[in-house]
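Visitor: I'm new to this one. Could you pick a single part of the surface and take me through it closely, then show me what lies elsewhere?

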Amino acid sequence: MAAVGTVQPAAVLVVSDYRGKELAGRAAVLLDSACVSDATALEAGGAGDDSVLRASKLVLSGSWSTTVSVGSAGSAPIIAVRPGIAEVSAADGAPLTAEPLEVPVSAEAAAVRLVSREATSVASGPALTEARTVVVGGRGVDGDFDLVRSLAEPLGAAVGATRVACDEGWIERSAQIGQTGETISPRLYIGLGVSGAVHHTSGIQGAGTVVAICDDSEAPIFEMADFGVVGDVTEVVPQLVEELAKLRG
């Protein structure tokens, strides 16, 4: 809050993940400002007023695209932006640099001390919401997430999962993608044994290229896939991994 008062920005942008959304909501209440979550695009100006920001976002499980106008003339709006939707660069193309900012801290905040820290085990590979490539396992992998990782590792990809896979206990809940999980926008999404239920596909609307490997030719995932393979993942994936190894020499 002190930083907002010092800089007086047109808007405050945070990552639209679980932590970012909570932070955005709390900050908006404290600043008496507007809050938008899961924004996919931003532009300045609206109705001839440059103090207005227009934020686009998907709603109703990704079936509708809406635009929200928020004023920035008063308190800066807090906007949670979906990870991976755009490359960050300065307007003139120059590289961005972080600028340290000293802000006053209240006595109450200064009195807070970290008393302990405990490391938790995390999955190897890039963070799910930030990865440019994501390999996802669904019901069709039948619990074999070693198969999913065998493809993810040579691609430098993050491993994700559908709700069913998490409900079955095949992988940790933090890997869940969809309406009740994470929203991702990778350049490449590869679904293994994923049927394409709407509660999952609502979380991948921002994906660039979608590849689906599933043994059900009628699976909804093929309706949104750019490339599809109808086949058993236990047969297709090892062949794909083998071909990737050949390409890498």
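Guide: Let's start with a nonpolar surface patch of about 320 Å², made by Val7, Leu101, Val103 and Val105. Areas come from the Shrake-Rupley method with a 1.4 Å probe, and for residues only the protein chains shown count as cover.

This is a predicted model, where local features need pLDDT of at least 70 and side-chain atom pairs pLDDT 80 or more, while totals for chains, interfaces and linings use all residues. Residues are numbered from 1 along each chain as its sequence is written, and side-chain values use heavy atoms, leaving out hydrogens and water.

Back to Val105: you'll find Val105 in the loop between strand E5 (78–81) and helix H3 (107–110); helices (H or I, at least four residues) and strands (E, at least two) are DSSP runs, numbered from the N terminus. Val105 counts as exposed because its relative accessibility is 55%; exposed means over 50%, buried under 20%, partly exposed in between.

Now Gln8, in the loop between helix H1 (2–7) and strand E1 (12–15). Gln8 has a positive phi of about 55° without being a glycine, and at 65% relative accessibility Gln8 is exposed too. Most residues other than glycine have a negative phi.

For contrast, strand E8 (residues 188–192) is largely enclosed by the rest of the structure, because four of its five residues are buried.

Conventions:
Patch = residues over 30% accessible without salt bridge, like charges linked within 9 Å, V, L, I, M, F, W, Y side chains within 5 Å. Salt bridge = Lys/Arg side-chain N within 4 Å of Asp/Glu carboxyl O. Buried < 20%, exposed > 50% of the residue type's maximum accessible area, 1.4 Å probe, protein only.
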